[in-house]
Amino acid sequence: MPTTSIIKFTDSSSLSELNKAINSVVEEGAKTVLLLTCIDNNYNQEKSKEVLQQYTVSLCGAVFPKIIYKNKSYSQGAIVLGLMVHCKVVNYSMLADSDADLKSYIQIKSQQIENYQNFIIISDAFCNQCENFTDHFYDYMGSGISAIGGGAGSLDLLSHPVIFTNQGLISNATQVIALPCPIKNSIGHGWEVLDGPYLVTSSEGHYVHSLNYRPTFELYKEIIQNKIKSPLPTDFFAEFSKHYPLGIMSLDGDILVRDPLQTNGSYLECVGNVPVNSMVYLLHSNRNKMIIASDKTARDVAQQSTSKTLLLFDCVTRDLLFGEDIGDELEAIQSPFPNTCLVGAMALGEIANTGNGSIRLLNKSTVLGSF
């Protein structure tokens, strides 16, 4: 099978090293260039614009908390994926104020890619409309499409220009890369129900105000206190929220994980919407279960595809949970592909088809694609 991509990797934060890598894949014949870089590279905005604007080949991709190369994650550096196919790159700037306006905007702008079936979707994780975008995009494009992707940005929870374009880095946008070749994908997470369900009695988008008519944070803390049966520190949320996410159960039994991001002492803000009247559960897992889930995800893709490009979007909170042992999970994903180099990013929310075929924003999950 012909090569679908050329991979250049550097662990340097230097913009000149990024430029060298882009130039190298362009000289080797890349038709589209996907960039995955680290927020800690701290590229100068004006200088990066100068670098990006010099290329006529389509540039796409984003800045993430970490990147993945083979079985390691890196907080500095860049991956330049030179794709040997012409991709159509569409940047949705999310200027619509209302949901109805957003839906109309997506329908109009997506007409140029409506004949494509396979997509990489990368969102500014702190754009308020990123999940609504995913829902409306799927509704317009129809069933049968395949997608992988993730949220770009920084763990400081502030908005930054993070989406690569030929005009420079932009913020508050979602980028859709339409591929002329099929993507085979799979998802997994390893999280299991620990307690619940609880009725969401008040919420607004990412903000869950009450469960069972009680302030969400109050009940969340009480449930965890009852489970661990030992006093919780005053600042327990920063540590315990990584280990105890929420989950929404679908009709087919799949769990859509929702990662608690922050609290004001009353609500919980999650990475992803939690609708009113949905039933949520408290989830828990351990490293072994998470590795087993990632291994299964990789083997599912290996059984479907012999393609030569392997792209991973792994949740950055999985990296935080594993710490120095993140290589164990990445090795489990790389293992079924001895002749293919694993590349990807630690994302702030992952995007992929769920079991019923719809494209959803996921949390604390592993999304693997081959094309």
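Me: A crossing is right-handed if the near helix is turned clockwise from the far one by less than a right angle, and left-handed if anticlockwise. Which hand does the crossing of helix 3 and helix 4 have?

Reply: Right-handed. Helix 3 covers residues 99-109, and helix 4 covers residues 130-141. Helices here are DSSP runs of H or I with at least four residues, and strands are E runs of at least two, numbered from the N terminus. This is a predicted model, with pLDDT of at least 70 needed for local features and 80 or more for side-chain atom pairs, while totals for chains, interfaces and linings use all residues. Residues are numbered from 1 along each chain as its sequence is written, and side-chain values use heavy atoms, without hydrogens or water.

Me: Why are helix 3 and helix 4 called oblique to each other?

Reply: Their axes cross at roughly 50° and come within 9 Å. Angles under 35 degrees are roughly parallel, over 145 roughly antiparallel, 65 to 115 roughly perpendicular and the rest oblique. Helix 3 and helix 4 are therefore oblique.

Me: Which residues make helix 3 and helix 4 meet?

Reply: D99, L102, K103, I106 and Q107 of helix 3 meet N132, F133, H136, F137 and Y140 of helix 4, with contact meaning heavy atoms within 4.5 Å. By class, this contact has five nonpolar, three polar and two charged residues.

Me: What makes helix 7 roughly parallel to helix 9?

Reply: Helix 7 (residues 287-304) and helix 9 (residues 326-334) pack at about 25°, with axes 8 Å apart. That angle is why helix 7 counts as roughly parallel to helix 9. Their crossing is right-handed. From helix 7 the contact takes M290, I291, S294, D295 and A298, and from helix 9 it takes D328, E329, A332 and I333. Five of these residues are nonpolar, one is polar and three are charged.

Me: How do you know how many charged residues line the largest cavity?

Reply: Asp, Glu, Lys and Arg count as charged. The lining of the largest cavity has five nonpolar residues, four polar ones and no charged ones.

Me: What is known about the lining of the largest pocket?

Reply: The largest pocket holds about 620 Å³. It is lined by 28 residues, with I187, D254, I255, T354 and G355 closest to its centre. Helix 7 supplies the largest share of this lining, five residues. The lining divides into eleven nonpolar, twelve polar and five charged residues.

Me: Which residues lie nearest the centre of the second largest pocket?

Reply: C127, N128, H206, Y207 and E269, out of 21 lining residues. This pocket has a volume of about 430 Å³. Helix 4, strand 19 (260-263) and strand 20 (268-270) each give two or more residues to its lining.

Definitions and conventions: Axes fitted to C-alpha atoms, helices over the stretch in contact; angles between N-to-C directions. 1 Å grid on protein atoms, 1.4 Å probe; cavity = no way out; pocket = protein on both sides within 12 Å on 5 of 7 lines; lining within 4 Å. Points joined across faces, edges and corners; volume = space filled by probe spheres on them.
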